[in-house]
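Dear colleague,

I am handing over the structure we discussed, and below it you will find what turned up when I went through it. Please read the notes with the structure open beside you.

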Number of protein chains: 2
Amino acid sequence: MGLVVQKYGGSSVADAEGIKRVAKRIVEAKKNGHQVVVVVSAMGDTTDELIDLAEQVSPMPAGREFDMLLTAGERISMALLAMAIKKLGHEAQSFTGSQAGVITDSVHNKARIIDVTPGRIRTALDEGNIAIVAGFQGVSQDKKDITTLGRGGSDTTAVALAAALDAEVCEIYTDVDGVFTADPRVVKKAQKIDWISFEDMLELAASGSKVLLHRCVEYARRYNIPIHVRSSFSGLQGTWVSSEPPVRKTQQQGEQKVEQAIISGVAHDTSEAKVTVVGVPDKPGEAAAIFRAIADAELNIDMVVQNVSAASTGLTDISFTLPKTDGRKAIDALEKAKPAIGFDSLRYDDQIGKISLVGAGMKTNPGVTASFFEALSDAGVNIELISTSEIRISVVTRADDVPGAVRAVHTAFGLDSESDEAVVYGGTGR
Amino acid sequence: MGLVVQKYGGSSVADAEGIKRVAKRIVEAKKNGHQVVVVVSAMGDTTDELIDLAEQVSPMPAGREFDMLLTAGERISMALLAMAIKKLGHEAQSFTGSQAGVITDSVHNKARIIDVTPGRIRTALDEGNIAIVAGFQGVSQDKKDITTLGRGGSDTTAVALAAALDAEVCEIYTDVDGVFTADPRVVKKAQKIDWISFEDMLELAASGSKVLLHRCVEYARRYNIPIHVRSSFSGLQGTWVSSEPPVRKTQQQGEQKVEQAIISGVAHDTSEAKVTVVGVPDKPGEAAAIFRAIADAELNIDMVVQNVSAASTGLTDISFTLPKTDGRKAIDALEKAKPAIGFDSLRYDDQIGKISLVGAGMKTNPGVTASFFEALSDAGVNIELISTSEIRISVVTRADDVPGAVRAVHTAFGLDSESDEAVVYGGTGR
């Protein structure tokens with residue numbers, strides 16, 4: 001039995017009872033002969049409460065101090081979890097991101113992991129301890145300041161530690177049973193996916209699936225760390241994310257690989273906004289200047305579309321999507337760069353939604369794109385932007401059209417569950 | 001203008017308003033040309049809330065994890081305070097005990113400071129920042145684990161930093177106006193002391209005065225760091241604690257040293273219990289064995305009295321006092337050592353109180369001891385134990401007798417204020 005990294009989110013450790021329940025599950029893994037490293041998020045609403053306090057003191061808190069503040073949250077949950085494990089008669093030690101060797105760059109509030117040097121974790125494990133590590137945080141390489149990793153930071157901590165410690169698997173415990181073929185809140189007949197490739201999972205995450213975030217899957221793929229997403233409220237198998245389907249033993253046929261469907265799932269996202277830069281001179285370097293301005297503001301964009309230039313004016317429009325939360329910053333950055341770039345005006349639209357179909361077999365199945373557009377058309381959905389990759393087609397529509405569009409596509413690609421029973425979604429134990 | 005260390009307790013930073021008020025005061029010191037280092041405690045009830053959470057998870061939490069948990073408290077207050085200062089347009093950076101170079105031994109929950117290496121603080125100051133440091137915490141020299149300093153830890157952090165940074169003064173901001181000749185809650189006519197020597201302050205602290213704790217004064221004396229204890233709710237001068245009285249300028253007489261009274265004050269303490277070891281063989285090494293057992297349990301004792309041995313039995317009794325909170329551990333330690341020591345039985349009494357008279361001129365004023373006992377006798381107070389030092393007389397009485405005894409002694413030594421006005425005690429701004 002090897003080393004297992006388990007990650008528990010804030011809803012799993014929301015109160016003392018949750019912490020005790022999680023402690024039991026951790027101890028089970030230890031009893032099964034595993035070395036166990038646990039990555040834990042802040043308890044329930046702690047982070048929101050800290051943000052609220054910060055806003056009372058200063059409406060625009062500075063990055064360094066904001067990180068210092070937020071990291072108090074995991075410090076509390078990890079220490080309590082270690083205590084709860086000790087109470088069950090097992091040895092446990094908690095470690096901050098810094099102590100665990102999570103080295104990051106210096107971009108406060110959304111730092112990136114540069115290196116993981118888990119010497120203290122290794123020692124703690126070798127001495128028979130369960131190691132509890134604060135998720136979401138690290139220490140900057142140059143200034144030795146405390147940093148936080150931003151959204152999905154705890155999942156990324158878990159995968160990064162799993163990679164650095166050469167773990168068998170990184171188990172991400174959450175409040176849903178796994179990754180589904182679509183959001184079960186929108187599509188009642190969505191099915192849990194038993195296995196999905198890193199590539200398809202990356203596309204689903206990029207397309208709005210909330211269960212695993214893109215950066216965490218990317219990290220796992222780079223180091224080939226299998227992820228098992230599962231519920232902390234049930235004992236059920238969840239979704240495996242890995243390079244190869246896991247081998248399953250069945251009575252009839254001996255060993256058999258889980259069959260991979262052509263289409264993994266339908267994702268949607270209504271958290272983005274569309275920015276259109278109107279009247280851009282159609283000459284080399286203009287698009288680069290626009291996206292350099294966006295990049296310099298540390299903003300990530302998603303889809304980009306450039307209209308065909310009108311020959312008469314020599315001007316074109318460039319549209320892109322990005323998180324609504326970054327909308328203001330993008331507009332500011334572009335306004336500032338307007339004299340240098342020389343466009344006419346900016347348009348901002350936050351009433352959009354994105355629907356994506358993801359599956360590795362897509363490009364080699366010529367009917368997929370056609371079926372996708374037919375399904376949308378039959379549902380009366382108007383398409384504003386289109387973007388494709390090797391294993392994904394995404395369209396932007398009006399936000400209001402999203403639920404109907406997702407259901408139509410899910411049905412058209414035969415993803416609907418045959419059972420009429422309600423999908424198990426979320427825990428009963430909360 | 002030199003470097004000032006300011007320390008703010010939990011009641012001064014209990015909420016966002018408190019943090020903003022403290023931030024203004026800090027900025028004033030900075031504007032006056034000082035380099036400012038601020039040591040801050042956890043907000044209001046944060047520490048109690050964390051302890052409560054720990055107890056829900058595990059009734060006897062382990063030292064290392066308990067320290068990890070508690071240190072989240074200062075992390076929150078210091079980050080918020082830095083944000084509040086930045087909002088006022090000044091640069092501030094917060095530092096954990098570890099980052100500030102507070103190196104301790106490995107005794108969790110009551111670690112001692114071994115060394116202070118404030119390189120990062122010095123750099124932050126040189127770059128024009130106000131440095132905010134988490135009180136109460138450090139990092140252990142050998143294991144690099146997070147430690148807490150126990151009671152009075154934040155005051156000690158402040159004095160230790162003041163010493164390491166060669167500060168002009170260490171200002172301890174609290175919710176009272178300074179050190180008084182007696183506890184104003186007990187003695188209405190108690191007076192604020194303008195100046196007190198390190199030695200007298202040490203005795204007052206050891207005798208139950210709560211304003212400054214013994215270890216902090218001891219540290220200040222060793223490095224000759226003047227302490228100014230004052231209210232964070234008023235702008236009044238508080239009490240200076242230093243080796244020499246500060247020089248004051250008066251209109252009439254030019255420079256004049258503050259006159260030192262023979263008696264500094266009357267302290268009382270009802271937080272101790274009395275343990276009596278009954279029937280100890282009266283031979284060399286017995287007392288040593290008893291106090292070795294206590295010391296091995298990491299317990300500090302206060303007063304010790306050995307009765308005259310009864311010649312007929314060759315047995316004697318040894319009584320000592322120690323904090324009630326350590327009572328259980330002391331009894332356990334002695335019971336465990338009973339076979340080796342060979343006493344008859346143990347008696348435990350937690351209904352005692354201690355009254356102490358402190359003043360440097362005491363030993364050279366022969367009437368002091370006599371007046372002290374007369375005052376107690378006139379007040380009808382029965383004395384159970386007596387202990388004296390160069391500058392202090394302490395007696396143990398029934399706990400119920402303490403308030404009357406303190407008032408009687410305060411009056412007998414002419415410490416009562418002539419004014420009938422209520423003493424300013426605590427702030428009006430809370």
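Leaving out residues up to four places away in sequence, A:Thr47 touches A:Ala42, A:Leu70 and A:Gly73, where contact means that the C-beta atoms, placed from the backbone, lie within 7 Å. This is a predicted model, in which local features need pLDDT of at least 70 and side-chain atom pairs count only at pLDDT 80 or more, while totals for chains, interfaces and linings use all residues. Residues are numbered from 1 along each chain as its sequence is written, and chains are lettered from A and ligands numbered from 1 in the order in which they are written.

A:Thr47 lies in helix 2 (residues 46-57) of chain A, helices being DSSP runs of H or I with at least four residues, numbered from the N terminus. A:Thr47 is buried because 20 other C-beta atoms lie within 10 Å, the cut-off for buried being 20 or more other C-beta atoms within 10 Å of a residue's own, with 12 or fewer for exposed and partly exposed in between.

The unreviewed UniProt entry places the feature "binding site" at A:Thr47 and A:Glu74; they are spread over 28 residues of sequence, yet cluster in space, with a largest C-alpha distance of 8.9 Å. Please bear in mind that such annotations may be inferred rather than shown by experiment.

A:Glu74, for its part, lies in helix 4 (residues 72-87) of chain A and counts as buried because it has 33 C-beta neighbours inside 10 Å. Neighbours within four places in sequence aside, the contacts of A:Glu74 include A:Val40, A:Ser41 and A:Phe136.

With best wishes

Note on methods: Helix = DSSP H or I, 4+ residues; strand = E, 2+ residues; numbered from the N terminus. Contact = placed C-beta atoms within 7 Å.
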